[in-house]
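The sequence and the structure come first.

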Amino acid sequence: MAQSRQDLLSKLADRGEDVVGKLADMPAAQRLVDAGMQLKDRVDELQKRVRGLDALERRVDVLEKKVDQLSRPARATQKRTTAKRTTRPKSPPKSSKS
């Protein structure tokens, strides 16, 4: 029984090698393998770009916080300059040469 099992496995291995050899000779199979390799390269490039987006998002968050901080004092200054005066301005001193 062990002998027949080894024979079966060796036959399958031989046939698998034959099939792989025949596939390598087929132009359509070669194009399929080439397309698969190109897809792998494209996915790798896309993955690198997506990793770069994380850094950009962090930079945008920091810049948004800075813009918020810079815009707050500007609003406070505008409120102070547009407020109504409650006291009268002092009149200029009169000269004592009379």
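Lys 40 is partly exposed, at 44% relative accessibility; partly exposed denotes the range between buried (under 20% relative accessible area) and exposed (over 50%), with a 1.4 Å probe and protein chains only. The model is predicted, so local features need pLDDT of at least 70 and side-chain atom pairs count only at pLDDT 80 or more, while totals for chains, interfaces and linings use all residues. Residues are numbered from 1 along each chain as its sequence is written, and side-chain values use heavy atoms, with hydrogens and water left out.

**Charge pairs**

Lys 40 forms a salt bridge with Asp 44. The term stands for a side-chain nitrogen of Lys or Arg within 4 Å of a carboxyl oxygen of Asp or Glu. Side chains of opposite charge can pair when their charged atoms come close.

| Salt bridge | Closest N and O atoms |
|---|---|
| Lys 40 and Asp 44 | 3.4 Å |

Lys 40 and Asp 44 are four residues apart in helix H2, so about one helical turn separates them. Arg 49 and Glu 45 also lie four residues apart in helix H2, about one turn of the helix. Asp 44 is partly exposed at 31% relative accessibility, and Glu 45 is partly exposed at 38%. Arg 49 counts as exposed, with a relative accessible area of 58%.

**Chain and helices**

The chain has two helices and zero strands; these are DSSP runs numbered from the N terminus, with at least four residues of H or I for a helix and at least two of E for a strand. Of its 98 residues, 1% count as buried. The accessible surface of the chain is about 10,300 Å², of which 57% belongs to carbon and sulfur atoms; areas come from the Shrake-Rupley method with a 1.4 Å probe.

Helix H1 spans residues 2–25 and includes Ser 10. The side chain of Ser 10 reaches the backbone oxygen of Asp 7 at 2.9 Å. Ser 10 is partly exposed, with a relative accessible area of 35%.

**Surface patches**

Patches are made of residues with over 30% relative accessible area and no salt bridge, like charges being joined within 9 Å and nonpolar side chains (Val, Leu, Ile, Met, Phe, Trp, Tyr) within 5 Å. A nonpolar patch on the surface consists of Leu 46, Val 50, Leu 53 and Leu 56, which together have about 360 Å² of accessible area. Leu 46 lies in helix H2 and is exposed, at 53% relative accessible area.

A patch of negative charge on the surface gathers Asp 54, Glu 57, Asp 61, Glu 64 and Asp 68. Glu 64 belongs to helix H2, which covers residues 27–82, and is partly exposed at 45% relative accessible area.

Definitions and conventions: Lys and Arg count as positive and Asp and Glu as negative; His and the chain ends are not counted. The place of a charge is taken as NZ of Lys, CZ of Arg, CG of Asp or CD of Glu. A polar contact is a pair of N or O atoms within 3.5 Å; within protein, one must be able to donate a hydrogen and the other to accept it, and residues adjacent in sequence count only if both atoms are side-chain atoms.
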